Amino acid sequence: MLKDTRTGLVVSRKFDAPRELVFKAWTEAEHLKNWWGPKGYAMKVTMLELHPKGMFHYSQKSPEGYEIWGRFIFDEISPPDKLVFINSFSDEEGSAVRAPFNSGWPLEVVNHVGFLSSEDQTEIELFASPLNPEEHEQRSFEAALDGLHQEYSSTFSQLDEYLRMIK
């Protein structure tokens with residue numbers, strides 16, 4: 001497992017579901033819309049092209065009606081073992097934009113997700129780090145690591161609940 005948390009985010013979690021199903025939950029629109037993002041937000045998937053350089057483009061709407069857009073650009077897809085993508089905030093057309101909450105946030109973050117299988121369980125190991133950051137972007141990302149851990153923990157809890165419903 002990756003250990004360098006000074007330059008990136010490391011998160012791991014075990015799920016009581018087969019690896020193929022967990023991989024599908026990360027790569028199919030009908031699954032992603034049920035668990036990705038903050039709890040209580042409504043997800044709308046506008047595009048999911050699962051191939052290198054393909055895009056997952058989506059919006060999330062808060063209970064108060066605030067809408068935010070995001071995207072993944074897939075880099076490497078090795079079912080059911082590995083997924084590498086670059087994520088960023090986006091506009092409605094799918095172009096990368098600066099985070100609306102922090103102008104010093106990295107424009108793009110690369111994510112490496114490994115899917116490890118043992119019997120009917122799957123462990124996800126995620127490593128995320130800014131892509132070609134300016135020094136202030138790297139500092140901003142590192143300062144947010146505790147919050148990012150909490151956000152991913154919540155998101156992975158939603159994935160766990162969703163996997164229990166569909167398996």
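Reader: Which residues of H4 are buried?

Author: This is a predicted model, where local features need pLDDT of at least 70, side-chain atom pairs count only at pLDDT 80 or more, and totals for chains, interfaces and linings use all residues. Residues are numbered from 1 along each chain as its sequence is written, and side-chain values use heavy atoms, with hydrogens and water left out. Buried means under 20% relative accessible area, exposed over 50%, partly exposed in between (1.4 Å probe, protein chains only). In H4, the buried residues are Leu145, Leu148, Tyr152, Thr155, Phe156, Gln158, Leu159, Asp160, Tyr162 and Leu163.

Reader: Is Asp160 buried or exposed, and at what relative accessibility?

Author: Asp160 lies in helix H4. Helices (H or I, at least four residues) are DSSP runs, numbered from the N terminus. Asp160 counts as buried because its relative accessibility is 13%.

Reader: Which residue forms a salt bridge with Asp160?

Author: A salt bridge puts a side-chain nitrogen of Lys or Arg within 4 Å of a carboxyl oxygen of Asp or Glu. The closest N and O atoms are 3.3 Å apart, and the partner is Arg164.

Reader: How many residues apart in sequence are the parts that Arg164 and Asp16 tie together?

Author: The side chains of Arg164 and Asp16 meet in a salt bridge (3.9 Å, N to O). Arg164 is in helix H4 and Asp16 in the loop between E1 and H1, so the parts tied together are apart in sequence by 148 residues.

How values were computed:
Helices (H or I, at least four residues) and strands (E, at least two) are DSSP runs, numbered from the N terminus.
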